[in-house]
Amino acid sequence: MKYANLFAGLAVLCLLAGSAYAVAKLVPAEVDEKTCTGCGKCIDRCPEGAISFNEKGLAEVDGDKCTGCGKCTKACPFEALTISGSS
Ligand code: SF4
Ligand code: SF4
């Protein structure tokens, strides 16, 4: 019985961790086109190659590649990149 409770607890923890990972994967970075200057610093910093320039010469995030790591938000000198739920 003691081990059953332990395994049940571990199962719940695994489920919570999996859910958190899934949510993170579903929250890509977003570019504020009014603030983006097209400097390209975020493109160099993205480890997934998820950012490119759009037809206007501004940053654009590929939501399928973005893992929500947040490195681009720290690299942008103009705070044009955000991840929903973060500041
Ligand atoms: S959050 Fe991470 S993976 Fe997504 S675009 Fe920014 S640097 Fe790339
Ligand atoms: S670092 Fe910021 S301003 Fe520069 S291209 Fe990326 S989002 Fe735009």
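**A guided look at the predicted model**

Guide: Read along the sequence, the protein runs α-β-α-β-β-α-β. Helices (H or I, at least four residues) and strands (E, at least two) are DSSP runs, numbered from the N terminus. This is a predicted model, where local features need pLDDT of at least 70 and side-chain atom pairs count only at pLDDT 80 or more, while totals for chains, interfaces and linings use all residues. Residues are numbered from 1 along each chain as its sequence is written, and chains are lettered from A and ligands numbered from 1 in the order in which they are written.

Visitor: Happy to start with one residue. Why is Glu-48 called partly exposed?

Guide: A residue is buried if 20 or more other C-beta atoms, placed from the backbone, lie within 10 Å of its own, exposed if 12 or fewer, and partly exposed in between. Glu-48 has 16 such neighbours, so it counts as partly exposed.

Visitor: Where does Glu-48 lie?

Guide: Glu-48 sits in the loop between α2 (41-45) and β2 (51-53).

Visitor: What does Glu-48 touch, not counting residues up to four places away in sequence?

Guide: Its partners are Lys-65, Cys-66 and Thr-67; contact requires C-beta atoms, placed from the backbone, within 7 Å. Glu-48 and Cys-66 are 18 residues apart in sequence, yet 6.6 Å apart C-alpha to C-alpha.

Visitor: Which residues come nearest to ligand 1?

Guide: Of 15 residues around ligand 1, the nearest are Cys-46, Cys-66, Cys-69, Lys-71 and Cys-72. To be near, a residue needs its C-beta atom, placed from the backbone, within 6 Å.

Visitor: And which are closest to ligand 2?

Guide: Among 14 surrounding residues, Cys-36, Cys-39, Cys-42, Cys-76 and Ala-80 are closest.

Note on methods:
Contact = placed C-beta atoms within 7 Å.
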